[in-house]
Every structure is written in structure tokens, then in C-alpha cells.
Amino acid sequence: MSIEVRNVSKRFGDFHALRDVSLDIAGGELLALLGPSGCGKTTLLRIIAGLETADTGSILFAGEDATDVHVRERQVGFVFQHYALFRHMTVFENVAFGLRMKPRATRPSDAQIKQKVHDLLNLVQLDWLADRFPSQLSGGQRQRIALARALAVEPKVLLLDEPFGALDAKVRKELRRWLRRLHDDLHVTSIFVTHDQEEALEVADRVVLMNAGRVEQVGSPQEVWDHPASPFVYGFLGDVNLFHGRAHEGEVHIDGLQIDSPEHADAQNAKAFAYVRPHDLDVQRYSPGATGIVVQLQRAIVVGPIARLELIPKDGNQPIDKGNPESLIEAQIPSQHFKELGFREGDTLVVTPRRARVFVEN
């Protein structure tokens, strides 16, 4: 079922949770709402569900206005971060709950409920836990049961609010893969909220980047990663170094180097920001006359195939590094290359960007 969000705004007192948000979600799509805490993603999810009411704007399900339709009538399944399973009920009864609560005229028979619940438990690969209680399950198992319960009533839309947020990293990764496979089997229109960019990029068909109640960018994981639409998106998706400079007639000048920026050919000595991913920095040992940013290797973290280098600028040009007071530059190079170069902590090196994204302040 397709969903249209049209010019939705929401305030809580003086706080603007959503500011004129519009969004189209295709039937059968798995969409991620991604952004920092307080950006409005959970509020938007709750308005789509009917758990919150928008101050202005409308919600359409399959082209029909659902703005004033009660949550019970929206045919929405909801999965919360903290499972919300009934502790006094077995796994079987938790999954059966929604079916037993249906009006008598549409309620399945006991035999049909039994078959449906076992089918769902098989789907989430936990049929063997039917007689257990939630307290006897791991966090990952509880969340899969919560998903089975949401699917029991055959929702047209599945909404997931930080579904794996309370789980440890290894279980989260397993459940991300599992959710993607499950969605590919069921094709239920699904929207999930997360602040974890890796989770959104790995699982979703499309990602909606939100910031301060607004949509910053919508696109496939590859699109938003390769072509960030704003400085916020660039900074939020993965690690990044941010350098200050001046843009003038297609070139950005930063202490120690010059970056070609033909898209800003009209700039006249404008304030500019150059974003560079750690893996897009070339790192060499310093030699007199070298062009680039001169740095000192403060720390090398070599784990697995990648060496992460924490570098301190020596020429006064310091990046802004997401609240890091020391304003480190981070570079990533293959571990084998790091060993071959023989770098040691304290060495003077020089870094040059192979690729940069430049934004000019208007």
C-alpha cells in the first residue's frame, strides 16, 4: 500500500517537531527514516500510524485520506524498540493476541489462529519457543516475536521504531539481514526509524535523511552516500573530515593545498567547506616542498585490514571534527600499506585529498 505524507507540521509547545514534511512511499517499499535524536523521525512515524495527530497536513493511504482515521482502522502493524510483549503470556499467546481481539464477525476460529501463529513463528524461525514466556527469551528473540505479533493481523503497513536499538551490535547485525530477507519475502510496505546510518544504508530501499524537523534528502543508499545534498547529510553519513577554505573561480584554497571545484566557478573569494572521507585521503611521509596538509601522526589504530590514522595538523589549518576538541584529521589506509610505509607515532606526514565535496556559503 502506498503512503503519501503531505505538508505535515507538528509542534509540542515551542518545539517544532516537524516542519512542512512531504514524502511519497511506494507500495511494498522498505523505507528508513534516518537522523539524530530530536530530528522528528519518530513523530512522523507516529503520525503515519495514527498515534499522533498532525497540526497541519494530511496522510493518504493508497490515495485515500487517512488523516482522521483512527489507529485501529489504519491496518498498521507497529514494532517498538522495547519489545512491548505481554510478560504474563506465552510466545504463542503474544502472537495470537491481535487475532483474538478481532471483532467476532472477522475473528478466525481457534484452529485457524493456531495454524496462523505457528506459520508466523516458523517465518521468524522461532516455532520451537511457542510455550516459553518473554522473560525466557534473548533480546533478539523477543524482537522477532514482537515482529511476528505485528504481522499476525496482516497489516497493510509495518512501522518499526528503532526496532534493534536495545540490542548489542552482533545481534543487531544479524537481525538487520534477517529483516531485509523477511521483507523481500512479504513485500509489506515498511517504514523503520533509526539513528544508525549503517543500519539504514544496509537494510532500506530508500533513505530519508531528517534534520530539525525537515527532510534533508531522499534517495537510495548509494545515492545519499555518493551524492550528499547538504553539509548535514555529508557529516551525518559516516566519518568525515571538514576543512575550511576560500572558494574562488572554481578553486578552493586551503592552507597547504588547492582543490579544483569547477561546480563553483562563479564563486568570488567565498567561504567554503571541503568534506573529505578518511579513505579519500592520500598519506605520505613528509619531504621538503611537498604539497598538501602537513600533519603529525598522533595515533595509529591497526585492526583487521584497515589502519586508522589520527593526525594533528601542523600548519594551523584544522578541520572541524564532530565536536572533537583536538580537531583531528582521520585517514584510513590498508593495514598492509601502513606496514610497508613504516609509519611511527610522532612522524611528520603530508595528506592530500583524492576526492572532496565542496559547499560554498552563500
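Predicted model: local features only at pLDDT ≥ 70, side-chain atom pairs only at ≥ 80, totals over all residues.

How many bridges join strand 3 to strand 9, and do these strands run parallel or antiparallel? I found 4 bridges between strand 3 (residues 30-34) and strand 9 (residues 206-211), and the two run parallel. I also looked up leucine 34: its bridge partner in strand 9 is leucine 209.

Local features need pLDDT of at least 70, side-chain atom pairs count only at pLDDT 80 or more, totals for chains, interfaces and linings use all residues, and side-chain values use heavy atoms, with hydrogens and water left out.

Next, the sheet. I read it as open, with 6 strands in the order 6-7-8-3-9-10 and mixed pairing (strands pair if DSSP finds at least two bridges between them; strands are DSSP runs of E, at least two residues, and helices runs of H or I, at least four, numbered from the N terminus). Strand 6 (76-79) and strand 10 (214-219) each have a single partner strand, so one side of each has no neighbour in the sheet.

Last, cavities. My search of the whole structure gave 1 cavity of 30 Å³ or more (points on a 1 Å grid over the protein atoms alone where a 1.4 Å probe fits but cannot get out; lining residues have an atom within 4 Å of a point). The largest cavity holds about 60 Å³, the space filled by probe spheres set on the points, joined across faces, edges and corners. Its lining includes Leu151, His183 and Ser190, and helix 5 (residues 169-186) gives the largest share, 4 residues.

Note on methods. Residues numbered from 1 in each chain as written. 1 Å grid on protein atoms, 1.4 Å probe; cavity = no way out; pocket = protein on both sides within 12 Å on 5 of 7 lines; lining within 4 Å.
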